[in-house]
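Subject: Handover of a structure

Dear colleague,

Please find below the structure that I am handing over to you.

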Amino acid sequence: MIAIIKYNAGNIRSVQNAITRLGYDSIITDNPSEILKADKVIFPGVGEASSAMRYLKERKLDVLLISLKQPVLGICLGLQLMGISSEEGNTKCLGIFNTVIKKFPPLEKVPHMGWNNFSEIKGSEIKDDEIKQSKILANLTLNDDVYYVHGFYAEVCENTIATCNYIQSFSSIMQKDNFYAMQFHPEKSASVGEKLLKNFLEL
């Protein structure tokens, strides 16, 4: 069973529909016991950082999320809330990834909306000078386009395993231990997004 975190954010139902198309059962829930029992957890969302974090804290989901041991996938706002802090509402976030969420400078059209490809795909960890690629990146190429809608971005850091360029380089896919995240919307990214969701669900 896949648990999709219910919190003060939109776009959750479309993620559930994408999971159903891949043949997996899921529930949308903010019940800690259901989340703990799930095989995998997805933390999606579109919305505003400070109000979303407030909802999580009121239900102690902030503490629960960082304690999870099964694979967890953040999507869009979910990725941003997994950083240290966000300039949106001057928000302290979950601190899973060692990155700060910043607002795009108004040099181009903001938000970054539409299709874009990857500028770099790299290994998720280095052991004995050997780069080991994350399984979530399987069959992903620099030519693959995915769909973005965001006005804030995660700075590139050691947890970044794929980047995208819009105004500047930012974290497109991140991983640390059992935590994964995508700034784009895989559920809206056609066959590439389906492939990436499947990679996560098959971990």
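I begin with helix α6 (residues 190-201), whose buried residues are Val192, Gly193, Leu196, Leu197, Asn199, Phe200 and Leu201. Buried here means under 20% relative accessible area, exposed means over 50%, and partly exposed lies in between (1.4 Å probe, protein chains only). Helices (H or I, at least four residues) and strands (E, at least two) are DSSP runs, numbered from the N terminus.

Please note that this is a predicted model, in which local features need pLDDT of at least 70 and side-chain atom pairs count only at pLDDT 80 or more, while totals for chains, interfaces and linings use all residues. Residues are numbered from 1 along each chain as its sequence is written, and side-chain values use heavy atoms, with hydrogens and water left out.

The cover over the buried residues of α6 includes β1 (2-5), α1, β3 (40-43), β4 (72-75), β12 (145-150) and β16 (179-182), where contact means heavy atoms within 4.5 Å. The length of α6 agrees with expectation, because its 12 residues at 1.5 Å a residue should span 16 Å and its end C-alpha atoms are 17 Å apart. The expected span is 1.5 Å times one less than the number of residues in the helix.

Helix α1 (residues 12-21) holds Val15, which is buried at a relative accessible area of 1%. Beyond its neighbours within four places in sequence, Val15 is in contact with Ile4, Ile42, Pro44, Ile75 and Glu187. Val15 and Phe200 are 185 residues apart along the chain, and their C-alpha atoms are separated by 13 Å.

The largest nonpolar core has 65 residues. Such a core is a set of buried Ala, Val, Leu, Ile, Met, Phe, Trp, Tyr and Cys residues joined through side-chain atoms within 4.5 Å. The members that touch the most others are Tyr7, Ile42, Phe43, Leu73, Leu81, Ile136 and Ile173. Setting aside neighbours within four places in sequence, the contacts of Tyr7 include Phe43, Tyr55, Leu77 and Leu81.

Strand β5 (residues 85-86) and β7 run parallel and are joined by two bridges, with Ser85 opposite Val100 in β7.

How many salt bridges are there? The count comes to five, a salt bridge being a side-chain nitrogen of Lys or Arg within 4 Å of a carboxyl oxygen of Asp or Glu. One of them joins the side chains of Glu155 and Lys102 (3.1 Å, N to O). This pair links distant parts of the chain, 53 residues apart, with Glu155 in the loop between β13 (152-154) and β14 (160-166) and Lys102 in strand β7 (residues 100-103). Glu155 is partly exposed at 28%, and Lys102 is partly exposed at 28%.

Another salt bridge is formed by Lys198 and Glu202 (4.0 Å, N to O). Lys198 is partly exposed at 40%, and Glu202 is partly exposed at 49%. Elsewhere, salt bridges that share partners join Asp30, Glu58 and Arg59 into one network.

Yours sincerely

Conventions:
Pairing = 2+ DSSP bridges.
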